[in-house]
Amino acid sequence: MPSTITTQRGEFRRIYRALQREPELAVRTPVFFCEGDSWFSTPLAMNLLDWLVFPTPEDEERGVPQFGAGGLFFRTEKSGDRAIDIFSERRIADLVDWYEGFAFDAVLISAGGNDFVADFLQGLFAGQSPMTPEQAFARVERSRRFEEVRGAYQRFLRAFKRTRPDTPILAHTYDYPQRMGEPARLTVANLGAAALLRDNIGPWIAPHVAHVLPQVPQQKRFAALLIDGFHDQVLVPLAARAEFAGVFTFVDLRGTLRQADAWFDEMHPTGAGFHALSLKLRRAANALLPPAKRRA
């Protein structure tokens, strides 16, 4: 069996069952449930989750897998997904069907970034006059979007805790964007032949706020306030709730990628940028595992 495996649904079920027939391997192999957005799924480069699933070339050369004797990852993430959609009652019911059927060691979540960009910003700032980044952020707060996203997260956490009370759930913040207005450039080089059938996507922030925040430094400041708001008003309050003590935690990735060349576009790091972020996520995920399944 390879040192690491990435699977979705039917593939996961088959490999999980095969793993259970090998007790000595199963006791050393962590099993992760993964759900989220493009930071876990973008095909443009090795994304945040890919760096956990696949060993680095150096590790491969030394024969060192990412997690213990390898890892089995149930992956159901999708680019563009919003937390309010991922954590809707219907979607949660579908996720729970899979979650309750297998013995997962930990849950990795990436969600919330898309809830505060694109159509949300376009509607929120339509027809508005120029303002400061702080005034723009106050407008986001008045929209109650943070409460909506926090409520969606809470709905998900309660359902998963009810299903498996002792399985840890790990989320993450996003980092501060450094390339405002830069779209994702899909080329044959980075996406293969599929790029021929897709247009460039994004940017997701700058075009929707440029009429109220015309200067790039203003846009960067506003984006940073959104990232901080997600940390302060969604993740921190949830992690502080007594009902989620010992179950939910998150990794703070803010301030890791300060250079523009670490970013592929307005919202996504390069493969090297994601690798730098993944080191923090990997340490936190590893700490949640049973001792026999941790990487030395």
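**Exercise 1. Determine the hand with which α7 passes α10, and describe how the two helices pack.**

Step 1. Take the hand. α7 passes α10 in a right-handed crossing. A crossing is right-handed if the near helix is turned clockwise from the far one by less than a right angle, and left-handed if anticlockwise. Helices here are DSSP runs of H or I of at least four residues, strands are runs of E of at least two, and both are numbered from the N terminus.

Step 2. Note the ground rules. This is a predicted model, in which local features need pLDDT of at least 70 and side-chain atom pairs count only at pLDDT 80 or more, while totals for chains, interfaces and linings use all residues. Residues are numbered from 1 along each chain as its sequence is written, and side-chain values use heavy atoms, with hydrogens and water left out.

Step 3. Take the geometry. Two packed helices are described by the angle between their axes and the distance between the axes. Helix α7 covers residues 89-99 and helix α10 residues 145-163; their axes come within 10 Å and cross at roughly 25°. That makes α7 roughly parallel to α10. Axes are lines fitted to C-alpha atoms, for helices over the stretch in contact, and angles run from 0 to 180 degrees between N-to-C directions. Under 35 degrees counts as roughly parallel, over 145 as roughly antiparallel, 65 to 115 as roughly perpendicular, and the rest as oblique.

Step 4. List the contact (heavy atoms within 4.5 Å). From α7 come Glu89, Ile92, Leu95, Val96 and Tyr99; from α10 come Arg155, Phe156, Ala159, Phe160 and Thr163. The residues of this contact divide into seven nonpolar, one polar and two charged. Nonpolar means Ala, Val, Leu, Ile, Met, Phe, Trp, Tyr, Cys and Pro; charged means Asp, Glu, Lys and Arg; the others, Gly among them, are polar.

**Exercise 2. Find the buried residues of α9 and say what they pack against.**

Step 1. Pick the residues. Helix α9 spans 133-142, and its buried residues are Pro133, Ala136, Phe137 and Val140. Buried means under 20% relative accessible area, exposed over 50%, and partly exposed in between, with a 1.4 Å probe and protein chains only.

Step 2. An α-helix has 3.6 residues a turn, so residues three or four places apart point the same way.

Step 3. Find the partners. The buried residues of α9 pack against α8 (119-125), α10 and α13 (216-240).

Step 4. Zoom in on one partner. The axes of α9 and α13 come within 9 Å and cross at roughly 40°. Their crossing is right-handed. On the α9 side the contact uses Pro133, Glu134, Ala136, Phe137, Val140 and Glu141; on the α13 side it uses Gln218, Arg221, Phe222, Leu225, Leu226, Gly229 and Gln233. Together they divide into seven nonpolar, three polar and three charged.

**Exercise 3. Describe the packing of α10 and α13.**

Step 1. The helices pack at an angle of about 40°, with axes 10 Å apart. That makes α10 oblique to α13.

Step 2. The crossing of α10 and α13 is right-handed.

Step 3. Phe146, Val149, Arg150, Tyr153, Gln154 and Leu157 of α10 meet Leu226, Gly229, Phe230, Gln233, Val234, Leu235, Pro237 and Leu238 of α13. The residues of this contact divide into 10 nonpolar, three polar and one charged.

**Exercise 4. Locate two residues, Ala118 and Arg144, that have a positive phi although neither is a glycine.**

Step 1. Recall the rule. Most residues other than glycine have a negative phi.

Step 2. Ala118 sits in the loop between β4 (106-110) and α8. Its phi is about 55°.

Step 3. Arg144 sits in the loop between α9 and α10. Its phi is about 70°. Arg144 is exposed, at a relative accessible area of 53%.

**Exercise 5. Describe the surroundings of Asp252.**

Step 1. Asp252 lies in the loop between β6 (248-251) and α14 (271-288).

Step 2. At 31% relative accessibility, Asp252 is partly exposed.

Step 3. Leaving out residues up to four places away in sequence, Asp252 touches Thr173, His231 and Lys280.

**Exercise 6. Sum up the protein chain.**

Step 1. The chain has 14 helices and six strands.

Step 2. Buried residues make up 54% of its 296 residues.
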